[in-house]
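Walk through this structure one step at a time. Keep the sequence beside you as you read.

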Amino acid sequence: MVGRSTDSGDELLRRMVARRRRDNVIVAVLAVLAVLGGGHAILDFFASDPPPPSDSATPATIGRAQLAGSFAQQFIVTYLSSVAGQQDRLGEYVGSSAQQITLPSTARQVSDPAVVYVSRVGSFDTLEVWSVTVSVKVGKSASTASSATGTSANSSNTSADTRQFYRVGISVLNGRLRALALPALVEPPSRGADLAQAYSSPCTADTPLSQVASGFLTTYLTGNGDVGRYITLDAGIAALRPAPFTAVETVAVTSDDNSCGTSRSSAQVLVTVNPKADGGAVATLAYPLTMVRDGGQWQVQSVDAVPAMTNPPAVIADQQNSRASAPSSTTSLPSTTVQIPRATQN
């Protein structure tokens, strides 16, 4: 009995020593956290793991959005081109409401469908609800087009086509899709306002920026010459192959550099050109460029995806509203802008 009590006492002592060592380690860690990050670091030490990132932009969500858009497009084209007695066709897309609709006696011509907007409006476990807007060209019915043009019923009357926008709700449940209701005809997207660009200074043909930009685009679009002489080493730009044009005429060069290349070492440049092909002149093109000067020589660093905007961005007065309220006189109205607040982080 005495031996067992001694053994129990030794075991208890070992546990106490181990606990004291563990407590000392925790205290030391907390002391280091307090020195490095203050109270927030200590709270973070005890905090639970952060929640997983939202799946709002995951590939799976993007895939379901594309799936909903494709399904909505098929449904709307089928719906608009169906005639009386074809309600069963719609049953593949929508529920019992398909049996309660009236369809025309002759089919309308539906063409050029395009999904223009997809938005997820709800998510419940394995169920997602999407709102999809589809744009289509809708023409006269075959019989109407035939009587109006004196042609066969199979001939198209493209001059009568109008573009319309239809919106429909789509559910995605475990990968299976269904329309929530029949489509609704909605207004097309309204015309937006113009954004002010950073190119405030026109550059004449004899300025450094204009000379290099014009030479670059001529080589880039026609293949005549070495594009490498106009670009930086890291630009990664190659002339278009096969060359789409035979000649390029520079119409205008504007820049955010009011000296047009005589004082600064970098510039945003917008070049407008009139290309020519074997068949003659083609539509005007515009190229936003980022240009830098190295060792006194201007070079193109990149062909930018979008034109350079003012910083902060500014919205030019809505041209649609201005036109609706503009007087009949030809007197020009002053340009007004609205400043967009700088982006902030929460």
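**Rings, cores and charges**

Y220 has a relative accessibility of 14%, so Y220 counts as buried, the limit being under 20%. This is a predicted model. Y287 also comes out at 14% relative accessibility, so Y287 counts as buried.

Now look at the aromatic rings. A pair of aromatic rings is described by the distance of the centres and the angle of the planes. The model has 5 aromatic pairs. Take F75 and Y79: the ring centres are 6.2 Å apart and the planes meet at 50°, so this pair is tilted. Both residues sit in helix α2, residues 59–81. They are 4 residues apart, about one turn of the helix. Both F75 and Y79 are buried. Then go back to Y220 and Y287. Their ring centres lie 6.3 Å apart with planes at 85°, so the pair is edge-to-face. Y220 is in helix α5 (residues 208–222) and Y287 is in strand β10 (residues 285–294), so the pair ties together parts 67 residues apart in sequence.

Stay with α2 for a moment. Ring pairs link F71, F75, Y79 and Y93 into a cluster. Helix α2 has 23 residues. From first C-alpha to last, α2 reaches 33 Å, close to the 33 Å expected at 1.5 Å a residue. Its buried residues include T61, A65, G69, F71, I76 and L80.

Next comes α5. Its 15 residues should span 21 Å at 1.5 Å a residue, and the end C-alpha atoms are 21 Å apart, which agrees. Helix α5 is mostly covered, with 12 of its 15 residues buried. Among them are L209, V212, F216, L217 and Y220. What do the buried residues of α5 pack against? They pack against β7, β8, β10 and β11. Just after the helix, G223 takes a positive phi of about 80°.

The largest nonpolar core has 26 residues. F216, V269, V271, L289 and M291 have the most contacts inside this core. At least two core residues come from each of α5, β7 (247–255), β8 (266–277), β10 and β11 (297–303). Helix α5 gives the largest share, 7 residues. F216 touches V227, Y230, I231, I237, L289, V300 and V303, leaving aside residues up to four places away in sequence. A second, separate core of 23 residues includes F71, V138, V168 and A179.

Finally, turn to charge. Side chains of opposite charge can pair when their charged atoms come close. The structure holds 4 salt bridges. In one of them, E128 pairs with R64, and their closest N and O atoms are 2.8 Å apart. E128 lies in strand β2 (residues 127–141) and R64 in helix α2, so this bridge ties together parts 64 residues apart in sequence. E128 has 6% relative accessibility and so counts as buried. R64, at 25%, counts as partly exposed. R64, R120 and E128 are linked in a network of salt bridges.

R163 and D112 also meet in a salt bridge, at 2.4 Å from N to O. R163 is in strand β3 (residues 162–173) and D112 in strand β1 (residues 108–124), so distant parts of the chain, 51 residues apart, are linked. Is R163 buried or partly exposed? R163 is partly exposed, with a relative accessible area of 35%. D112 counts as partly exposed at 43%. D256 and R264 meet in a salt bridge too, at 3.4 Å from N to O.

Terms used. Residues are numbered from 1 along each chain as its sequence is written. This is a predicted model: local features need pLDDT of at least 70, side-chain atom pairs count only at pLDDT 80 or more; totals for chains, interfaces and linings use all residues. Side-chain values use heavy atoms; hydrogens and water are left out. Rings of Phe, Tyr and Trp (its six-membered ring) pair if their centres lie within 6.5 Å; planes under 30 degrees apart count as stacked, over 60 as edge-to-face and the rest as tilted. Buried means under 20% relative accessible area, exposed over 50%, partly exposed in between (1.4 Å probe, protein chains only). The expected span of a helix is 1.5 Å times one less than its number of residues. A nonpolar core is a set of buried Ala, Val, Leu, Ile, Met, Phe, Trp, Tyr and Cys residues joined through side-chain atoms within 4.5 Å. Contact means heavy atoms within 4.5 Å. A salt bridge is a side-chain nitrogen of Lys or Arg within 4 Å of a carboxyl oxygen of Asp or Glu.
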